[in-house]
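Welcome! Please take a moment to look over the sequence and the 3D structure before reading on.

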Amino acid sequence: MNSPTHGRRAAPKPPASSRARAFGAGPRAARTSPDRTARSRSLRPAFSVIAMTFASGMLVATSVPALAITATDAEPRASVYAPVEDSITLAPQAIEVAHEAELKPMAVEGYAVEAAPPPLLSQVAGLGSVSIIKADLVVWPVLTPQKRSDGFGPRNAPCAGCSTSHDGVDFNPGNGSPVMSIADGVVVLATENGGGLGVNVEVQHNIDGELVTSSYAHMQFGSLQVVEGQRVSAGQQLGAVGTTGQSTGPHMHLEMFGADGVRFDGFAWLDDHIA
Ligand SMILES: [Zn+2]
């Protein structure tokens, strides 16, 4: 508040007469005094008003020491308060930033849109070509894949007319337990007259762009849950474990083959593809 630029409520200017005295303008002050006396006489009718103003002025003057009021003031004051000198100088505001903010354009991360590979097509009897969406999940076809009775490859024929080269893997999860699709795909065969394979379902999958077929055999009559041309998802039930066709007991015979139809070891493949 002592700043010269913020001199609000500065000390009031003393009256002109006292200023004149302070600067020692002797003769002039002496000359003006009689004039003022004469004027105050001519204003005598207004004296009572001035007196009242003076009385109230004294009241304020005692509580506001800086206020100076003289009884000889000729003109009645409109206000007894000291004139306020508005000498506020507003300095323009400035915001200081410690560090200059650095504006960097955000880098646009490039990305490449790869053209979708041509869809694989399954040929479904009565439906024609059915596209197969790429499967990204592979699951076991039975609940207890660790229970197996016969692996893939050469073997001693277990029955008269049974192949000496096993084209699939035999799982033994128990009679009536669910048989599930190993991945998303399209059912290309669903029959109860699969010959040696008995009640049989074939599902075609798009595995990394390669056509892979899984075949589930020996299921129970009346257990099929799907029809040809139907899209299935990984783990979706196809039927129930049975012993239809050329079978010596309830088990699920799984065959797997590629576009060339050549069978491969389904258990090894599944073990490799299941996370
Ligand atoms: Zn088998």
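What follows is a short tour of the metal site, the aromatic rings and the nonpolar cores.

This is a predicted model, in which local features need pLDDT of at least 70 and side-chain atom pairs count only at pLDDT 80 or more, while totals for chains, interfaces and linings use all residues. Residues are numbered from 1 along each chain as its sequence is written, and side-chain values use heavy atoms, with hydrogens and water left out.

Let us begin with the metal. The zinc ion has H166 (NE2), D170 (OD) and H253 (ND1) as its protein donors, at 1.9 to 2.2 Å. Donors here are N, O and S atoms within 2.8 Å of the metal (3.2 Å for Na, K and Ca); water is not among the atoms, so sites may look incomplete. Along the sequence, the donor residues follow the spacing H-x3-D-x82-H. H166 belongs to strand β6 (residues 165–166) and H253 to strand β14 (residues 252–258), so that distant parts of the chain, 87 residues apart, are linked. Helices (H or I, at least four residues) and strands (E, at least two) are DSSP runs, numbered from the N terminus.

How accessible are the residues met on this tour? Buried means under 20% relative accessible area, exposed over 50%, and partly exposed in between (1.4 Å probe, protein chains only).

F264 and W269 form a tilted aromatic pair, with 6.3 Å from centre to centre and 45° between the planes. Rings of Phe, Tyr and Trp (its six-membered ring) pair if their centres lie within 6.5 Å; planes under 30 degrees apart count as stacked, over 60 as edge-to-face and the rest as tilted.

The largest nonpolar core has 26 residues, and V201, Y216 and M252 have the most contacts inside it. Such a core is a set of buried Ala, Val, Leu, Ile, Met, Phe, Trp, Tyr and Cys residues joined through side-chain atoms within 4.5 Å. Strand β10 gives this core its largest share, four residues. A second, separate core has seven residues, including L120, V124, V130 and L211.
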